[in-house]
Amino acid sequence: MGFCIACGQQHAEGIRFCRFCGTQQPGEQLMAQLRAEAEQIRIALTQVQPHHPGQPRTW
Ligand SMILES: [Zn+2]
């Protein structure tokens with residue numbers, strides 16, 4: 001079972017288009033891509049917010 005990303009209606013697993021609104025549903029490949037992107041964002045965030053104990057304050 002899955003849920004439409006657009007209208008939220010429940011539909012069978014593995015369909016490509018919602019039978020209620022016709023919106024194309026994310027497939028396995030897209031979901032994997034989204035997961036990879038989310039992971040990269042998470043990694044980027046941890047790199048953006050490091051604490052530099054030894055870094056002098058220049059301001
Ligand atoms: Zn839908």
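Me: How are helices and strands assigned and numbered here?
Reply: Helices and strands are DSSP runs, a helix having at least four residues and a strand at least two. This is a predicted model. Numbering of these elements starts from the N terminus.

Me: Where is R16 placed?
Reply: Strand β2 covers 10–11. R16 comes in the loop between β2 and α1.

Me: What pattern does the protein chain follow along the sequence?
Reply: The secondary structure comes to one helix and two strands. Read in sequence order, the pattern is β-β-α.

Me: Which residues is R16 in contact with, leaving aside neighbours within four places in sequence?
Reply: Contact requires C-beta atoms within 7 Å. R16 and P26 are 10 residues apart along the chain, with C-alpha atoms separated by 7.3 Å. The contacts of R16 are Q24, Q25 and G27.

Me: How does Q25 count, with its C-beta neighbours inside 10 Å?
Reply: Q25 also lies in the loop between β2 and α1. A buried residue needs 20 or more neighbours, and an exposed one has 12 or fewer. Q25 has 18, so Q25 counts as partly exposed.

Me: Which residues does Q25 contact beyond four places in sequence?
Reply: The contacts of Q25 include R16.

Me: How far apart in space are Q25 and I43?
Reply: In sequence, Q25 and I43 are 18 residues apart. From C-alpha to C-alpha, the separation is 27 Å.

Me: How many residues of α1 are buried?
Reply: Across the protein chain, buried residues make up 0% of the 59 residues. Helix α1 is hardly covered. Its count of buried residues is zero.

Me: What is the radius of gyration of the protein chain?
Reply: The C-alpha trace spans about 60 × 20 × 15 Å along its principal axes. A compact globule of 59 residues would have a value near 10 Å. The protein chain has 20 Å.

Me: Which element has the highest mean pLDDT?
Reply: The mean pLDDT of the protein chain is 86, and 93% of its residues reach 70 or more. Among the elements, strand β1 has the lowest mean, 87. The highest, 92, belongs to β2.

Notes:
Residues numbered from 1 in each chain as written. Predicted model: local features only at pLDDT ≥ 70, side-chain atom pairs only at ≥ 80, totals over all residues. Rg over C-alpha atoms; globule rule 2.2 N^0.38 Å. Contact = placed C-beta atoms within 7 Å. pLDDT = per-residue confidence, 0-100.
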